[in-house]
Amino acid sequence: MTTDTTLHAEQLYQQLLEQIRPLAAAHPQLAIVGIYSGGAWIAERLVRDLQLNTAAGSIDVSFYRDDYAEKGLRSGAKPSHIPFSVDGAQILLVDDVLYTGRTTRAAINELFDYGRPARIWLAALVDRGGRHLPVAPDFVAQVSSFESSVSVNLQRADDGTFRISIDHA
């Protein structure tokens with residue numbers, strides 16, 4: 001397994017932004033929803049940098065995870081916030097680090113509880129592989145492999161800039 005420990009979050013964000021720019025131009029009513037917390041931070045910046053008219057939404061999938069019964073509710077769970085009608089919407093779902101696909105599945109399930117979108121695209125800053133479900137991003141800035149014991153986390157500084165920490169268990 002190849003390990004890349006030199007992930008530069010701000011550079012990756014710019015790459016992701018440039019990949020998504022044509023989608024936003026082709027779909028002026030594009031709605032962006034980020035998965036709490038890192039995906040929500042990215043979604044906020046995308047909305048600002050793409051100058052979209054709709055505020056970013058955020059989803060906390062804590063109640064929708066398939067391991068909720070065994071792990072319970074994590075501390076710091078936040079309410080989801082979708083500031084637009086999901087019915088018929090063109091939605092870009094954003095996550096910071098895509099791993100097993102279970103969080104993505106949970107987020108899509110939650111979106112459908114709000115309504116039936118016309119289309120959902122998936123964007124991720126980092127795809128670390130290791131999928132348990134058939135989930136693939138439409139937009140991704142970096143594909144890197146990590147051992148399962150490694151944690152890849154997006155952090156946001158007070159000035160809004162991103163940094164990635166790679167923690168070895």
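User: Val-33 sits opposite Gly-57 in strand 2. What makes strand 1 and strand 2 a pair?

Analyst: Pairing takes at least two bridges found by DSSP, and strand 1 and strand 2 (residues 57-59) have three, in the parallel sense. So they count as paired. By the way, this is a predicted model: local features need pLDDT of at least 70, side-chain atom pairs count only at pLDDT 80 or more, and totals for chains, interfaces and linings use all residues. Residues are numbered from 1 along each chain as its sequence is written, and side-chain values use heavy atoms, with hydrogens and water left out.

User: And which residue stands opposite Ala-31 in strand 3?

Analyst: Ile-91 does. Strand 1 and strand 3 share four bridges, again in the parallel sense, so they pass the pairing test too.

User: Why is strand 1 called mostly covered?

Analyst: Because buried means under 20% relative accessible area (1.4 Å probe, protein chains only), and five of its five residues qualify. Both faces are covered: Ala-31, Val-33 and Ile-35 on one side, Ile-32 and Gly-34 on the other.

User: What makes the span of helix 1 close to the expected one?

Analyst: The expected span is 1.5 Å times one less than the number of residues. Helix 1 (residues 9-26) has 18 residues, giving an expected 26 Å, and it reaches 26 Å from its first C-alpha to its last.

User: Where does helix 1 bend?

Analyst: At Ile-20, by about 35°, with Pro-22 following within four residues. The bend is the angle between axes fitted to the seven residues ending there and the seven starting there. Ile-20 is also buried, as are Leu-16, Leu-17 and Leu-23 in helix 1.

Technical notes. Helices (H or I, at least four residues) and strands (E, at least two) are DSSP runs, numbered from the N terminus. Buried means under 20% relative accessible area, exposed over 50%, partly exposed in between (1.4 Å probe, protein chains only).
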